[in-house]
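Trainee: Please show me the model, and then let us go through the terms used to describe it.

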Amino acid sequence: MAYATFDGYEIPRVYDVQIEHILVGESARTAGGKLRQDAIAYKRRWTLLCRPVPKHRVDPLLYHLESTLYAEGAFWLYGMDEPVSAMVTEVSEQVVACAGDDGTWHKDGRQLTITVEEV
């Protein structure tokens with residue numbers, strides 16, 4: 001079972017998730033020093049760090065993101081009741097050597113860092 005998915009595509013071997021809580025709005029101080037705030041929404045941003053995997057494990061996700069030009073999709077993370085509407089805003093890809101699930105060595109492995117932001 002996948003730990004995280006985007007539009008049904010597995011985000012493979014996630015080992016660390018950093019969550020930012022973002023308040024959408026503006027705040028300012030009045031002349032008297034009182035803080036005033038106009039809040040519109042609360043959003044989350046997830047940064048997922050993944051362990052190295054063979055290239056063929058990340059290709060479906062990366063091809064999907066590229067073919068849709070990183071369009072909005074359904075993001076699900078272990079522990080969520082339902083997927084949320086989100087966008088992948090950043091993908092960092094590192095080429096590494098790694099062992100596959102069957103123990104074979106792959107020189108073209110990939111290690112991903114993916115940032116997903118709730119829309």
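Trainee: Why is Phe 75 called buried?

Mentor: This is a predicted model, where local features need pLDDT of at least 70, side-chain atom pairs count only at pLDDT 80 or more, and totals for chains, interfaces and linings use all residues. Residues are numbered from 1 along each chain as its sequence is written, and side-chain values use heavy atoms, with hydrogens and water left out. Buried means under 20% relative accessible area, exposed over 50%, and partly exposed in between (1.4 Å probe, protein chains only). Phe 75 has a relative accessible area of 0%, so Phe 75 is buried.

Trainee: How many aromatic pairs are there?

Mentor: Rings of Phe, Tyr and Trp (its six-membered ring) pair if their centres lie within 6.5 Å; planes under 30 degrees apart count as stacked, over 60 as edge-to-face and the rest as tilted. The count by this rule is two.

Trainee: What makes the pair of Tyr 3 and Tyr 78 stacked?

Mentor: Their ring centres are 5.6 Å apart and the planes stand at 20°, so the pair is stacked. Tyr 3 has 37% relative accessibility and therefore counts as partly exposed, whereas Tyr 78, at 53%, is exposed.

Trainee: Why is the pair of Trp 46 and Phe 75 called tilted?

Mentor: The centres of these rings lie 4.9 Å apart with planes at 45°, so the pair is tilted. Trp 46 has 2% relative accessibility, so Trp 46 counts as buried.
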